Every structure is written in structure tokens, then in C-alpha cells.
Amino acid sequence: MSETAVVSSEKLNGGLDGDEQWFGIDIGGTLTKGVYFESHCASDDHEQEAAIEQIRKFVKSSVKYGSTGMRDEHLEIKDQTIGQRTGTLHFLKFSTSRMDGFLNIISDNRLHDCRNVVCATGGGAVKFEQKINEKLAIKVEKYDELHCLVSGLHYIHHQPGECFTWTNLQPSGKGGDKEVVDFGASMYPYIIVNIGSGVSIMLVKSENEVQRIGGSSIGGGTFTGLCSLLTGCNSFAEAIELAEQGDNTKVDKLVKDIYGGDYDKFGLTGDTVACSFGSMMDPEKRAQATKADLAKAVLVTVTNNIGGITKMLAYSFEVRKVVFSGNYLTNNNMSMQMLAYALQYWSHSAILSIFLRHEGYCGALGALIKHCS
Ligand code: ADP
């Protein structure tokens, strides 16, 4: 996709057949996210109602499904009205690499009975379309992922406590307090930085004006990939746990390692990273660096790079609000605090960083509500 193309709000593929949709799926490069709307209104059609009950029972039977599937029970939202029905929103995810297992679960439990269509977004909606067609005999209704992301955000930001920023931040990126913010008051224009496997950055000027203004291949997938290579860890959770215990200054070359102190003329404190992984050419320092130090250095490298690109784009487009989304930020206070601190510091507090409780689910939610509303 061209970085500056204004994305069409049209569906990539048109034509629903009247089937009621209660699922939105965002099939990403690493994770597949699903939002299930459990309607509290019963269907008049007994066969439909039995099929709906089957799904309801299955989803609520557990918070873990197969080897990687999980339901984020703490994110559940009750009393929502979507498509003139009231119900509860449930949030689920699994590794996209387990797509075959997921389709088997759907098929074995007959969760696709009475379904003709599934609303999906993300690259996997294109990649897995044929497989879903063949395995479940249902049509994949594809929606553009950037528009789904923005639609999902526009729906979810109204939820109490959804949007927050960080205050009382430490330069080290450690510590800080969450503070709820009201994003809706005068939201446009804003930038949304979606940190998934890679990074996409969009400028949103109004509900229907969404422009992709940048991105980076150095994202959440880079963090997990490099951490696996350098530390042997096997999951995002393990990598985050290691990083929490690590010290990147044992790995990176800092301004003070070069200047012997601060570089006052340009406002760079001695603790600023001058060169990520810059100390690792030194055999002695390499021997001293622990797995935790390496994981933290990867986290700082990835996060600082995203912060730098975001700052430049916010300045170029004269935007003062930046929303961060994507699962790289799930249980990752360190990166959120670093991003918030960097934007606050470099903009002299002119730029507000906004984070979300449902950071990874905007796309899937967008796919659901784009059809229902
Ligand atoms: P995508 O749509 O590209 O899959 P996501 O927004 O789902 O992107 O974010 C994927 C990133 O989130 C991963 O690269 C990793 O850094 C992080 N992540 C968070 N939780 C998990 C998890 N349970 N499994 C794998 N990666 C995770």
C-alpha cells in the first residue's frame, strides 16, 4: 500500500447476504483477534437460536482454547447496543500460526452452523479466505484494516476508563502513573500508531479521512524475534519478563560513554542512548551482558525507534494527540512509559500520548461494527 494513499472507506469486497454478524475477526501476522458480540435478544428462528446458543456456550466455557487461544475476560464489556441489539462484547485471541487448529475447533464444535458470512480484516482475511471457504463453507466479508482500526477506536474510546496517559514519568522509562483521559472532547486531528508485528502510522483528520503517513518494519515481531535469537526465550510474555529485569545500559553505548557526561549544547543527557547495542563489540562487556540486559536493550531499541518516527510525523503534520494501539503494548508498561516520556520530553509536553485498555482489539471490533452499524 502506498504510504500516502488515502485509503478508501469502501469494503474490499462487497455484498452481505443478510446473515446477522456477531463476530469480527482481525487476522494479523502474529495474532488473530476476535470480538464476539453475545446478544441478549433471542432469535425467533429456533434453528438460529440453537446455533447462537452453541457459540455462546463454547465461548464462555473457558478462558483458554487449544494451545494458544485465550479470552481476555477482564476486557469484557457489558450492556452494549450494536445493530439495535443489546449484549456483551467478548475479546479473544490466538496465534495466527494455529489457524488450522482454530478452523478445526470451529468445525468440530459446529460453531459455523447457520452462519453464511464472517466479517474479517487484516492481511490474513485475504491469505486465509480460500481455506475458510473450503473448511467452513462460509464467505469471508473483507474490510480494510486501517479503516477497521479507526472505526474500532471510535467505538471503544467512549468506554469509561478506556483511554489513559502516563504521568510522573522517569527518564529511565521506569515508573509512572496511569491517568484516564477524555479523548473524545476534540479528537481531530490525531495520529494513531499501531504497533503489531510491524508498525503502521495513520493520520486521522475526521471520521472518514484516514491517511497512512508512515510505518516501520521494526515492531513487536522484531522484539519477539530478536529476543528469541539473543536469549532463547519462547514467548512474548517471557521476553517482557526478562526485559523487566534487565538493564540496557550494559548493552547500549550512551552519550556519557562517548562524552564522559551530558552533551549540553543539544540537550542530550549522559544517559541518552547514543548507539543501540553499541557496547557489544567489546568482548568484556559482551561477557557481562545477561539475557535480561539483552531483552531490555531490544525493547528500548524497538520502542525508541517508534517514538522517534512518531515524533517526526506528529511535528510534520502538526498534530498534538497520538494514540498508540496494537498488542506490542499488551502488559508492556515499559514501552508505554518510554513512548509517553519521549513524546512529552521532545515536545515540551505539547503532544499528548494516549493508550488504550483494549489496545489490540480495535481492528476486530471495527470489522464487527462496520457491518452491524
Ligand atoms: P498483528 O496484527 O501483526 O498480529 P498485533 O497487534 O496482534 O499484530 O501484535 C503482535 C505483537 O504483539 C507481537 O509481535 C508481540 O510483540 C506482541 N504480543 C503480545 N501478546 C502476544 C502473544 N500472546 N503472542 C505473541 N505475540 C504477542
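This is a predicted model: local features need pLDDT of at least 70, side-chain atom pairs count only at pLDDT 80 or more; totals for chains, interfaces and linings use all residues.
**Ground rules.** I number residues from 1 along each chain as its sequence is written. Local features need pLDDT of at least 70, side-chain atom pairs count only at pLDDT 80 or more, totals for chains, interfaces and linings use all residues, and side-chain values use heavy atoms, without hydrogens and water.

**Ligand.** I looked up the shell first. It has 14 residues, and Thr30, Leu31, Lys33, Ser197 and Gly220 come nearest (near: a heavy atom within 4 Å). By class I found 3 nonpolar, 10 polar and 1 charged residues. Here Ala, Val, Leu, Ile, Met, Phe, Trp, Tyr, Cys and Pro count as nonpolar, Asp, Glu, Lys and Arg as charged, and the others, Gly among them, as polar. H6 gives the largest share, 3 residues. Strand E2 (31–39) and H6 each supply at least two. Helices (H or I, at least four residues) and strands (E, at least two) are DSSP runs, numbered from the N terminus.

Next I checked distances to ligand oxygen atoms. A polar backbone atom of Thr30 is 2.8 Å from one. For Leu31 the distance is 2.9 Å. For a backbone N or O atom of Tyr328 it is 3.3 Å. The protein covers 84% of the 570 Å² of accessible area that the ligand has on its own (Shrake-Rupley method, 1.4 Å probe; for residues, only the protein chains shown count as cover).

**Salt bridges.** I found 12 in the structure (a side-chain nitrogen of Lys or Arg within 4 Å of a carboxyl oxygen of Asp or Glu). Glu53 and Arg56 pair at 2.6 Å. Both lie in helix H1 (residues 46–60), 3 residues apart, about one turn of the helix. Arg56 is buried at 15% relative accessible area, while Glu53 is partly exposed at 30%. Buried means under 20%, exposed over 50%, partly exposed in between (1.4 Å probe, protein chains only). A network of salt bridges links Glu38, Glu49, Glu53, Arg56 and Lys60.

Asp100 and Lys131 come to 2.8 Å, N to O. This pair links distant parts of the chain, helix H2 (residues 99–108) and helix H4 (residues 129–136), 31 residues apart.

I also noted Lys139 with Glu141, at 3.4 Å. Glu141 is buried, at 0%.

**Surface patch.** Leu226, Leu229 and Leu230 make a nonpolar patch of about 290 Å². Patch residues have over 30% relative accessible area and no salt bridge; like charges are joined within 9 Å, nonpolar side chains (Val, Leu, Ile, Met, Phe, Trp, Tyr) within 5 Å. Leu229 sits in helix H6 (residues 220–231). Leu229 is exposed, at 71%.

Terms used. A polar contact is a pair of N or O atoms within 3.5 Å; within protein, one must be able to donate a hydrogen and the other to accept it, and residues adjacent in sequence count only if both atoms are side-chain atoms.
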